[in-house]
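Here is a short briefing to read alongside the model.

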Amino acid sequence: MTTIFFATDVHGSDICWTKFLNAGKFYGADQLILGGDMTGKAVVPFIHQGGQNYRVTLLEQVFDITNEDELADMRKKVRSRGYYPYLTNPDEIQELEKDPAKVSKIFLQEVLKVVQQWMELAEKKLAGTGMKVYCCPGNDDMDEVDDIIRESRTVVLAEGEVTLLASGHEMIASGWSNRTPWNTHREEDEDQLAVRYEAMTSRLKSPQTAIFNIHVPPYKSGLDEAPELDKDLRPVLAGNSMIPVGSTALRKSIEKVQPLLSLHGHIHEGRGSTRIGKTLVINPGSMYEQGTLLGAIIKLGKNKVENYVLTTG
Amino acid sequence: MSDLFVRKATGMVRSWSVFDAFIYAFFSINFVTLGFYAFSQMYYFGGGMINALIISAIFLVFEIIVYSSLIAVMPRSGGDYVWQTRVFGGGLGFILSITGWWFTLWLWTPVYGDMLRQVVIVPLLGAFGMSGQAVWFAGTGTPLFVSSILALVFVSVVIMLGMKTYARIQKFSFYAGVVGLAIVIILLLTGTPEAFKAGFEANSAAYFGTQSSGLVDATAEAGIAAGAATPLTGGSLGLVMVTLPWLVFFNLWPNWGATLYGEVRGATDYKRNFAGMAWALGAVTVLGIVFFLAVSKTIGWDFYQQANGAWWNYYWGYTTEVPPLPVWPNPAMLAAFLTNNRLVQIVILVLMSFWWFGWAGTLFLSSTRVVFAAAFDRYLPEKVAELNKNGTPVNAMLLMVIPAVVVSYMYAYNVGGFISVTLAATQAIAIMYFGTSIAAIVLPYKKKDLYEASPIAKMKVAGIPLITVAGLIFGGFLLFLLVEWFFDPWLNTGGEAPGLYGISLMNTNSVVFLLATYGLAAALYYGFKSKRKSEGIDMDKVQAEIPVE
């Protein structure tokens, strides 16, 4: 029997990444699998006010920093929410306001810097354990993230591949999602997703014992319910109206292939598990902004899921 | 945070409408179902109703601060269950939340059923000339059981329809209900006592076959005999305070849909959460005051209390003599009697029925979420969270509906005096809220990093976190309510049953109900924990924080 720990959507949170790397030892897991969306959603400018003074606006609260200790503490707070601290000055802020394209460059630079740090931390923490991390960046992750992961000896980029895990189970993986209102980095139409999935499932030698690690959850699985939005991206009816937003192509693929296990993320509030036919389908959800690592421990036999539980770490 | 530095990523939504949040909070403190129902049962107190409304609202502002703050620190997390578990760890959050959000809703079922017949079925049957059926439906025993089953059928249909559809039904019901209530209040404000007396006697006779003259006097007499006494205003602070454990049956719920609110990205979103709930609380409080004054002007305050006393004295079994008005004195119906146009009366009664239909569907929606959360955490069997081919959680529904049928039967037929436990439905939820208040008080100290990186980190009163201050005040208020409910120490010094609220420790039904539900929750928690351990899963570890070093 092998024990898998799966987590997803850590969105740039240093705390969640560190917890993820520690989870193997903590839960006694043999394999670590990370779903997509490793990168954060916001840069927080630390605006220099002269001397050791900085002004930081975090979550609409203004903090005035006056020394090195406070600066380090604020950096930690910002990183704990998965945001990227960026030391700047009033002149640069003015310049960025005039040319928002430059902000995208800063974003990419900060994202890649953190991903690089995470790869180094993984090497350090998992050295000598024989444990690898299998991951596939999600729809919110820039393409450049893949290049950094490819360089890692500990973190395996599983996107688009059929990976044979040490337990003998085959795993297909993809961070691509169906269309979202945000036009993110890795999204496409359902028919294209169907082709993507077919390209992987057709290479499976033992489909019924395989694992799907697909960022988006299957449509109408109960794990894909998100607040309905209006055209301005406002939740309608104060968030009371929840609608399924998962992939229909993925659902069809699961129904057809009937893998042993299907792991998902993408919808942070979609935490749960269900069955589609014989397949156990799990979305552990995400609370990355609270520094809490939601995950799932799955105990796998050769031909069946022996047991599983969702975790709150 | 400036939008300039936020990239387009999944889930980056804009803020929801405060007005929509207001609508759902306003409907949760449902003025016509919970309000009319609670007000009518409070006929035997010494504290003024207007004073009680205002004082309770002041305390409940702190409830709103507590919940807005927790949502800001731990948004979209699943509410009381997760907040308590995160702060306290272990089974406390599970036991309090499973009882408060699930088991206690079984007891709410016959209460919803009673409101269904009194607000909707009985007046409409009367309006359509079916007086015999109307009077039968208002009676004790089988009619209440039938009505509870009808309520369960409606709620089950809502779960099958899903929240997307029901949220729209609720919004429509809000507008229809508000129009109906506006007509009721206008009728009461423009009517006269003489017109009311004439309309009441004539229409009651037509609706329910009552005596066509002398009904007002007979009802007043029955009410006086029942001890109707509650004044409109006045009373000492102590007398007003002891009315609050009854009044909160109506207004303890501005936070009911709050855990659905989205991600809180800053102080502005925190204020939006607060505003949605606070405006709702303010609106129902003002509405209550206007309604009471309007009742006082046209129906007459004393008669309103006497009619209520006459009904509930009979309903609770203190007398076997059917009151002169053999149905619940629904204020909307009494207002409709100010016009003799039957069509207008029916329109008013139909519009007012939307207060029930737009609200009652939520009976088991929260329970479904908690049942699912418990199953996902493996404290219930996996099958409990299964959906059928249409996406309906059939097994979870059965876990709510079957016990609710049993509890409704016991309540409707008053098995062993079970009807006296009405307020226990509020009590168990208040106990859960009390746990959440304690979690709020200690959160900034027990979860320092989480709190300090949250949108409310800078909100302080005299250097003390606002969430702690609000938790102390709201928790103190809940403690007062619990002491009153359990011990009733001020006005029932002899500890005589059933006490001022019917659910003191002297009421065996209430104590047994509470112990049974908490016992069941504890048995589930420890039973499944032990089962999982035998399967090689350490549940304590599953919910423990992974070290960050």
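Chain A of this predicted model has an open sheet of 4 strands in the order E5-E4-E3-E6, with mixed pairing. Strands here are DSSP runs of E with at least two residues, helices are runs of H or I with at least four, both numbered from the N terminus, and two strands pair if DSSP finds at least two bridges between them.

- Strand E5 (61-65) and strand E6 (84-88) of chain A are the edge strands, each pairing on one side only.
- On average, neighbouring strands of this sheet are turned by 25 degrees against each other, direction ignored; axes are lines fitted to C-alpha atoms, for helices over the stretch in contact, and angles run from 0 to 180 degrees between N-to-C directions.
- Strand E4 (residues 54-58) of chain A pairs with E5(A) in the antiparallel sense over 5 bridges, and A:Thr57 has A:Val62 in E5(A) as its bridge partner.
- Helix H2 (residues 68-80) of chain A packs on the sheet and touches strand E3 (43-48), E4, E5 and E6 of chain A, where contact means heavy atoms within 4.5 Å.
- The direction of H2 makes about 140 degrees with that of E6(A).

**The sheet of 6 strands**
- Another open sheet in chain A has 6 strands in the order E9-E10-E11-E14-E16-E15, and its pairing is mixed.
- Strand E9 (162-164) and strand E15 (272-276) of chain A each have a single partner strand, so one side of each is left without a neighbour in the sheet.
- From one strand to the next, the twist averages 20 degrees.
- Strand E11 (residues 211-214) and strand E14 (residues 261-263) of chain A run parallel and are joined by 3 bridges; A:Asn213 stands opposite A:Leu263 in E14(A).
- Helix H6 (residues 190-201) of chain A lies across E9, strand E10 (170-174) and E11 of chain A, at about 160 degrees to E10(A).

**Where chains A and B meet**
- In chain A, 75 residues are in contact with 65 residues of chain B.
- The two chains bury about 6300 Å² between them, 56% of it on carbon and sulfur atoms; buried area is the accessible area (1.4 Å probe) lost on putting two parts together, summed over both.
- Between chain A and chain B there are 4 salt bridges, meaning a side-chain nitrogen of Lys or Arg within 4 Å of a carboxyl oxygen of Asp or Glu.
- A:Arg275 forms a salt bridge with B:Glu382, with the closest N and O atoms 2.5 Å apart.
- Helix H1 (residues 14-27) of chain A gives the most to the side of chain A that touches chain B, with 7 residues.

**Reading notes**
- Residues are numbered from 1 along each chain as its sequence is written, while chains are lettered from A and ligands numbered from 1 in the order in which they are written.
- Local features need pLDDT of at least 70, side-chain atom pairs count only at pLDDT 80 or more, and totals for chains, interfaces and linings use all residues; side-chain values use heavy atoms, leaving out hydrogens and water.
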